[in-house]
Amino acid sequence: LALMSLPCTSVRAQQSYQQNPETFSVNRLPAHATLYRFGTEAAAKAGNELKGRTDLNGTWQFKFYPNGKTSSPVYQPISPSEYQPIEVPGNWEMQGYGMRIYTNWEYPFRPAGPPFVPAGKGATDHDRNPVGAYLRDFEINEYRPGDRQVLHFGAVSSAFHVWVNGQYVGYSEGSRTPAEFDITELAKAGKNEVYTEVFRYSSGSYLEDQDHWRLSGLHRQSTFSLPPTSTSPTCS
């Protein structure tokens with residue numbers, strides 16, 4: 001009976017993106033070099049970037065789930081009174097949520113059994129997979145219907161789902177690399193809303209094990225980018 005139950009357990013675990021090493025991105029755009037747009041060589045030397053990027057750094061609304069929450073990619077807004085302000089970029093452990101963990105050779109969670117990570121409640125921080133829900137409104141600079149719109153996250157630790165205007169956009173792992181999503185069809189004039197659920201641990205955490213502090217959240221700059229419509233060169 002025990003042997004017969006193992007396949008069922010494996011199937012259920014693999015249904016979670018953050019438990020599946022074969023799913024490290026959903027709808028994420030291909031990676032590329034970091035680029036900035038300038039109209040002229042003189043503007044590039046002066047650092048005068050062309051307009052078009054909407055800066056999403058600053059204060060977001062935040063809800064912390066120390067024991068984790070459902071792994072299904074379902075948009076679950078909560079009452080505004082349940083959110084607290086948090087600064088982005090930043091790590092939630094440095095802003096009063098959860099525990100900072102430092103390890104050099106062992107994994108920061110238990111049990112360690114690749115590719116699985118804790119999925120539910122546990123007795124200690126090492127046995128849980130906390131989730132941080134981030135929410136904010138924004139308006140797109142110089143919005144024009146038909147322009148391509150790209151949502152950019154500089155880096156998120158360790159994995160996250162993202163929604164825009166209530167619609168599911170995608171998923172990404174890779175806590176030290178940017179993640180971008182094309183949301184042209186979801187963006188609109190006026191107020192937009194971006195919502196993310198960030199998991200502290202994912203199957204990618206096994207590849208990121210090294211001598212460092214384990215911290216979580218939207219920890220590098222975030223922008224909403226309006227790429228150029230002309231053929232003028234882009235300088236990095």
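Predicted model: local features only at pLDDT ≥ 70, side-chain atom pairs only at ≥ 80, totals over all residues.
Leaving aside neighbours within four places in sequence, Phe153 is in contact with Phe160, Val162, Pro178, Ala179, Phe181, Val194, Thr196, Leu218, Gln221 and Ser222.

Phe153 belongs to the largest nonpolar core, which has 26 residues; together with Tyr134 and Leu151, Phe153 touches the most other members. At least two residues of this core come from each of strand S3 (58-65), strand S4 (84-88), S6, S7, strand S9 (159-164), strand S11 (179-182) and strand S12 (191-199). Another core, of eight residues, lies apart from it; Val131, Ala133, Leu135 and Tyr195 are among its members.

Proceed now to the loop between strand S5 (101-103) and strand S6 (131-139), where Pro111 is found. A cis peptide bond, with omega about -5°, joins Arg110 and Pro111. Pro115 is also found in the loop between S5 and S6. The peptide bond from Pro114 to Pro115 is cis, and its omega is near 5°. For context, most peptide bonds are trans, and most residues other than glycine have a negative phi.

The backbone angle phi is the subject of the last two stops. Select Glu142, which lies in the loop between S6 and strand S7 (150-153). Glu142 is not a glycine, yet its phi is positive, at about 55°.

Finally, select Asn27, in the loop between strand S1 (25-26) and helix H2 (41-46). Phi of Asn27 is likewise positive, near 65°. Is Asn27 buried or exposed? Asn27 counts as exposed because its relative accessibility is 53%, and the cut-off for exposed is over 50%.

How values were computed. Residues numbered from 1 in each chain as written. Heavy atoms only, no water. Helix = DSSP H or I, 4+ residues; strand = E, 2+ residues; numbered from the N terminus. Buried < 20%, exposed > 50% of the residue type's maximum accessible area, 1.4 Å probe, protein only. Core = buried A, V, L, I, M, F, W, Y, C linked by side-chain atoms within 4.5 Å. Contact = heavy atoms within 4.5 Å.
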